[in-house]
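Visitor: I would like to learn how to read strands and their pairing in a model, so could you take me through an example?

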Amino acid sequence: MGKKVKKDEKPPPDDVFDTLSVESRQAGTVVLMLSSPEEDVQSKACEAIYKFVTKCDENKKQLLDLGAVGHLLTLMQSEDKIVRRNACMAVGVMTANPDVRKYLRKAEATYPALVNLLGPDEDDVCHEFSALALSNMATEFSSKAAIFEHGGLEPLIRCLSAHDPDVQKNCIEAIALLLMDYQTRRAIKDLEGLNPILEVLKSEYQIIQKLGLLALERASQDGENRSALRELEAISKLIDFVAHPEWNDLHVMAVMVLSNLLEDLESLELIKETGGLKRLVALITDQVPPDEEPKGGKGDKGDKGGKGSRNAKKSAAKDSDYGHSAKKQESADSSEAPPGEAIIPTLPDAKMCAAKAIGRSARSAENRKILHEQEAEKMLIHLLSHESADVQTAAAQALAVMAENLASRDSIREWEGIPPLVKMLTSESGSVKEAATLALANLTTANSNNCMEIQTQIGIEPLIGCLGDAQEEAVANAACVLTNLAQIELLRVDVQNKGVIRALIDPLSSHNVTVQSKVALAVAAYVCDSDSRENFRHSDGLPPLIGLLRSGNDEVRRNAAWAITVCAVDEPTAAEICKLGGMELLQEIQTSSTRKSRFAEAALQKLLDNNLSAKYALTGTLCSTNFIENGFYDIGQLRPGTKFQTLEQYAKQELNEKRPIIMINAKPDPTMSQAQSQADLDGKQDGSKNSVTGKSSRTGRDSKTIIRKNEIEFKREKSNSRERSGSKKSRKQQEKEEKQREEELAAQLQREAEAISAAENKPFEAPCDPTLLKYIEEVSEKIQPLPTSREQVKALAVYVADKMGGSIERGQLSNFGWELPISQIKYELKSNVIPLGKIKTGIHVHRALLFKTLADKIAVSCSLVRGEYNRAWNEVLLPEEDFTLEESLFVFSPTPGAPKFPPKTYIVDLIHEPGHLLRLDTPEAQSYKKI
């Protein structure tokens, strides 16, 4: 070995500064170093800042305040790769702070610099941190648009193929955020970004798979993207993804993507042809999937990505190896059976999302048909028995959508889908009951077999119980089911017997318009017989039902009006509705230009037809089909804004000078059956008072007189007893007897007072009219047997005129004294209500009412019309054949086969020439109707 020779170290040039090693512990000093012209200093300063900002979020804010972000942004565009990389690392970490992001959004160079760092010439570290910065920036919508405008989507897609998992993770996260903007969703297909997103599902890292599924879920919201995903066989790949149990945490998101894809009819047809739907159903229900086409082994891996592998067989071979490229999973997958050949349990969330996917796809009629052909209902019925309430709810909701298909309704019953739905009605979960009632509502619509099945499964009681549930939607749906059941008489009677009438009353007071509408419709379905109406009336169901007429919702008012139409069929219910103000509300609705409807019109007409007193007061007309019965009363023409009251209310009013209320009550007077004596006379007087006031004759002065007499007798007895026993009994005994007598008298007085009070609280009884009853008996005996209607009308007119003071010559009506006698009757009865039979001097309005009353009793068809100024008249329809022989000779010849003319309308003269018939269109008839 030779001698060591010392190296000659050349000194640095004179114009170069010697190397200076500086140790700094202040962030401000490092920020100043960023402005250094030396690239080495810049690089080390950026690296130091990167390490500093990774420690805590406060450091990011501190450097922002020191102005480091602006320098870093400039250094990201440096020509030196190391400087760019270190600056990008620092900025990427700092973008996690919202204040830093706010600063960067305002800087114009931010987005171009970050996008440029995603270029193919940059290293993976730049790609990683620039993608991280973009993903943090993309959390705000304004940044999404800016990134897209600066062309950031394309390099992000290109970087998805990077081998570095951190680059993949940041890029797919940024893309998933950008896809929330519609512009990105529309552009992703043109930039061929869907296939790279599908490829990241093969990653061995779950977070990357999750972000990939999130990006696919957002991209598949666009129709064109769904079409492109079908061409990329995304449905089969996603089903294979669900078939891997080790990815069960991501099955929910995979099913969500499938849910979007299955919205299209083309997707359903494709999945039907490939058998993917049945396979998916089997996977969700934890059953063995049906046999599929043979799949390729490991040697088929080379077919991946080939364009010629789009046919069904090659896609099956391709899908069988889907996800096996990860190193950590190759050994495990090589020992497992291919997907779909073993029972693979899925999580409840995945089952729930699958049921929702079926329900979402089934919103289209064409899709429902395909799903029915693939027996998707079986999967949903299977999920109804799952222990998770969320799964049950989703399955029932999907069945409700499927039940809109007529064929599915029968299939669901045949596959025993109704029993679990009925069982769900008793669940503690409100959402489960809501979904179950919705499904049953759709299943029972226009399907009597399903309605009978609910009765067989003892589902009526739970349905009635749901009417009182706190979940308002469940109440509305249960009301729909009960309405459907009411279409079958046997079921309607059964439901009524189980107390549905009372159960429907409380929901009528709900504030939810859907509940109000559906329950009102159910009321209309179940009050169709007299017993149910009576039960509904006595249970105070009418007030809340009438209150629904004030609703601002058209459907609520319409259904409430329909229910009132059904309730008003019988007179007691119609009278109660009028008493509660229902008639005024219906009139108000009909006068409104925006709220009026045919349903309100029908309700008002039905109400008036069964409350003729109100109809005559409001409309002034009673047609030939309106028959006057006992209890009818005429109050005259009701003025606008005046409330129509009951007869009892009118009877309790003080005596006034207005026109009397004329009532019809053809019944015998009970007081007339008493003995003809002074008691009979007293009975008549008491009866007249009773008929007016509705009180017993012993409730006034007589009761007070009895009490006074009892007091006087007691005092006399007391004084006599003192005289008799004064000498015999001691003073204490006398006081004891007196006290005992006083107690007996007090008890007697108490009993009498209770009897008086009971008599005063006695229900109102309308005054009887034996005279009118006698009229009816006479016309039934003498006029009803007449051979023709014409003769009956004329004879009845003469009879009415005779009972009302006879005929009046033309022009002498003003001299006919009728007001004073009627006033005397009012004074005699001490009431504003007088029976029609007591009127002996009547004019048009009285005679026309009596004619209509008697004509209805003997089946003579006529109408009653009120005019002005106490005018009223009767109109009758009479055929030509009723003419007399003399009239027939001049009018027409009744030869066999001659044409028959319709009957004509006549006005019956009851005033001037009783029995004379006036043609309706003649001047004489017009004169009769007016003054």
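Guide: Two strands pair if DSSP finds at least two bridges between them, and strands (E, at least two residues) and helices (H or I, at least four) are DSSP runs numbered from the N terminus. This is a predicted model, in which local features need pLDDT of at least 70, side-chain atom pairs count only at pLDDT 80 or more, and totals for chains, interfaces and linings use all residues. Residues are numbered from 1 along each chain as its sequence is written, and side-chain values use heavy atoms, with hydrogens and water left out.

Visitor: Which residue in S7 does Leu877 stand opposite?

Guide: Strands of a sheet pair through backbone hydrogen bonds, either parallel or antiparallel. Here S6 and strand S7 (residues 904–908) run antiparallel and are joined by four bridges, and Leu877 stands opposite Thr905 in S7.

Visitor: What joins strand S5 to S6?

Guide: Strand S5 (residues 863–866) runs antiparallel to S6, and four bridges join them, with Ser863 opposite Glu875. S5 and S6 form a hairpin with five residues between them, and Tyr869 in that turn has a positive phi of about 55 degrees.

Visitor: How many residues of strand S6 are buried?

Guide: Buried means under 20% relative accessible area, exposed over 50%, and partly exposed in between, with a 1.4 Å probe and protein chains only. In strand S6 (residues 872–878), six of the seven residues are buried.

Visitor: In what order do the three strands of the open sheet lie?

Guide: The order is S2-S3-S4, with mixed pairing. Strand S2 (633–634) and strand S4 (833–835) each have a single partner strand, so one side of each is left without a neighbour in the sheet. S2 pairs with strand S3 (residues 661–663) in the antiparallel sense over two bridges, and Asp634 has Ile662 in S3 as its bridge partner.
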